[in-house]
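Look at the structure below. This short report looks at the ligand and the protein around it.

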Amino acid sequence: MKTVRLYDSEKPPVLVVENVPQPQPRRGELLIRVYAAGVTPTELLWYPITHNKYGEKRSRAVPGHEFSGVIAALGEDTAGFEIGQEVYGMNDWFSDGAMAEYCITQPAIVAPKPPRLTHVEAASVPIGALTAWQALFDRAGLQAGEHILVHGGAGAVGVFAIQLARFRGARVTTTASARNLEFITGLGAERVIDYRAARFEENVSGMDVVFDTVGGETLQRSWGVLKPGGRMITIAADAETTTNDRVKQAFFIVEPNHEQLARIGDLLEAGDLHPVVDAVLPLSQASAAFTGEVRQRQGRGKLVVAVAAQEGTVEKG
Ligand SMILES: NC(=O)c1ccc[n+]([C@@H]2O[C@H](COP(=O)([O-])OP(=O)(O)OC[C@H]3O[C@@H](n4cnc5c(N)ncnc54)[C@H](OP(=O)(O)O)[C@@H]3O)[C@@H](O)[C@H]2O)c1
């Protein structure tokens, strides 16, 4: 089968499409025929891509930890699943990802693909939506009527943060580029600040929650817009290695979660949540997808690699 693997002995590291034997599911595993996989460009810089759980060096990792596809084979002890079932999911960061014709996953980290979504749309969801869900609901405990500032509202995580906050009944202010102001208002934000034209801290204050997907100076400037007792959540990679206690407490890393993904799937199926696909590339161009050399991007939502044509399923009209 074709797969994409990271050769990080090269400087800079390169992604190579190559042929490898198809993996076989072991006990408790599912083999997925991958139709589409989502791209998180910064993933290539993350620790689990170059190290295993025991801190040892890892090489030739397969990136793309979110996918949509069809179950192609079942390991033992996978009751409740069947060959041919359409699922979407997010693999654990230390496992191989889904930039491949087939990937291995586990029942606890997949959910039924929402039928009204194409595989490309479904593959754009898991990491962005789970990150937003865990940030807003698990970490911040966002309540109806509260006001949240979302930094990076047009990004793959931001588009779900805005929609989920609105679904919860919260008020949303967000920062984004000028080109995406109208698009973001359509997602439900009541106020959008062009981050290049205005300093957000001069325009907002008294926030119950700030959800930061940008980091650096944006995070530093955000503490002052929180009301006393307000909650800060950040996912920006530069917060991972910080020695600052309050930044450490604000930072978290998304985890796969079957139940949350199933609930997100219900919201997508009901039309209460919408996927946002920025651009679609073939597997042969996966490297460009990760290095950011994609001309057709609008900077909205997720870049998706379409691994296979969607046979045997009904495409959305
Ligand atoms: N910790 C975790 O679990 C976790 C999970 C997922 C992602 N992440 C990290 O979270 C970050 C966002 O991920 P993503 O997938 O949403 O990225 P993305 O799709 O590239 O979106 C980033 C967004 O931020 C906007 N932006 C850039 N600079 C900004 C600024 N100064 N103020 C406001 N907005 C700004 C960009 O807008 P323009 O392009 O229009 O400038 C873009 O819309 C990445 O660093 C990623 O590594 C962490």
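## The pocket

The ligand takes up the space of the largest pocket. A pocket is an open set of points on a 1 Å grid over the protein atoms alone, with protein on both sides within 12 Å along at least five of seven lines. A molecule sits in a pocket if more than half of its atoms lie within 2 Å of its grid points.

This is a predicted model: local features need pLDDT of at least 70, side-chain atom pairs count only at pLDDT 80 or more, and totals for chains, interfaces and linings use all residues. Residues are numbered from 1 along each chain as its sequence is written, and side-chain values use heavy atoms, with hydrogens and water left out.

## Around the ligand

The ligand is surrounded by 24 residues (a heavy atom within 4 Å). Thr42, Ala156, Ser177, Tyr195 and Val254 are the closest.

## Two domains

An automatic or database assignment gives domain 1 (2-125 + 275-306) and domain 2 (129-250). Their centres, taken over C-alpha atoms, are 27 Å apart. The ligand lies between the domains because both give residues to its shell.

Conventions: On a 1 Å grid over the protein atoms alone, a cavity is a set of points where a 1.4 Å probe fits but cannot get out, and a pocket is an open set with protein on both sides within 12 Å along at least five of seven lines; lining residues have an atom within 4 Å of a point.
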